[in-house]
Amino acid sequence: RDGSVRSQCPYCGVGCGLELMAPAAKGQPTRRDAEGLPAWGARGDRRHPSSLGQVCIKGATVGETLQGGRLTRPLGREPLQ
């Protein structure tokens with residue numbers, strides 16, 4: 001499929017198949033998030049033998065984890081006394 005990459009869901013041991021769709025594909029409008037920024041999409045890969053295109057909500061929204069502005073390291077604070 002044009003503009004997509006086959007991958008696996010990272011969340012559990014099943015390893016459901018995903019198709020990650022780039023924000024822009026030839027001949028298609030650019031997908032954007034609520035803030036208007038280009039956004040990756042994800043859907044179940046119908047050709048994957050273990051999931052046959054079915055994914056849970058975590059797998060279906062994995063594209064949102066590819067967005068910019070996410071933390072790159074854990075934040076810490078002083079413990080309460």
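Residues are numbered from 1 along each chain as its sequence is written, and side-chain values use heavy atoms, with hydrogens and water left out. Because the model is predicted, local features need pLDDT of at least 70 and side-chain atom pairs count only at pLDDT 80 or more, whereas totals for chains, interfaces and linings use all residues.

Helices (H or I, at least four residues) and strands (E, at least two) are taken as DSSP runs, numbered from the N terminus. Three strands form an open sheet in the order E1-E2-E3, with antiparallel pairing, where two strands are said to pair if DSSP finds at least two bridges between them. Strands E1 and E3 stand at the edges with a single partner strand each, so one side of each is left without a neighbour in the sheet. From one strand to the next the twist averages 30°, an angle taken between axes that are lines fitted to C-alpha atoms, with angles running from 0 to 180 degrees between N-to-C directions.

Strand E1 (residues 4-8) pairs with E2 over five bridges in the antiparallel sense, and within this pairing serine 7 stands opposite leucine 18 of E2. The pairing of E2 with E3 is likewise antiparallel and runs over four bridges; here glutamate 19 stands opposite arginine 43 of E3, and leucine 20 stands opposite alanine 42 of E3.

Burial is described by relative accessible area, with buried meaning under 20%, exposed over 50% and partly exposed in between (1.4 Å probe, protein chains only). Five of the five residues of E2 are buried, so this strand is largely enclosed by the rest of the structure. In a regular strand the side chains alternate between the two faces of the sheet. Both faces of E2 are covered, with Gly17, Glu19 and Met21 buried on one side and Leu18 and Leu20 buried on the other.

Leaving aside neighbours within four places in sequence, alanine 42 is in contact (heavy atoms within 4.5 Å) with Glu19, Leu20, Met21, Gly59, Ala60, Val62 and Gly63.

With a disulfide defined as a pair of cysteine sulfur atoms within 2.5 Å, the count comes to zero disulfides. Cysteine 9 is in no disulfide, and the nearest cysteine sulfur, that of cysteine 56, is 5.5 Å away. Cysteine 9 counts as buried at 12% relative accessibility, whereas cysteine 56 is partly exposed, with a relative accessible area of 41%.

Serine 51 lies in the loop between strand E3 (41-44) and helix H1 (57-60), and at 7% relative accessibility serine 51 counts as buried. A polar atom of the serine 51 side chain lies 3.1 Å from the backbone nitrogen of glycine 17. Apart from neighbours within four places in sequence, serine 51 is in contact with Cys16, Gly17 and Asp45.

Alanine 22, in the loop between strand E2 (17-21) and E3, is buried, with a relative accessible area of 18%. Arginine 77, by contrast, is found in the segment after H1 and is exposed, with a relative accessible area of 79%. The C-alpha atoms of arginine 77 and glutamate 19 are separated by 38 Å, and these residues are 58 residues apart along the chain.

Key. Polar contact = N/O pair within 3.5 Å; in protein donor to acceptor, adjacent residues only side chain to side chain.
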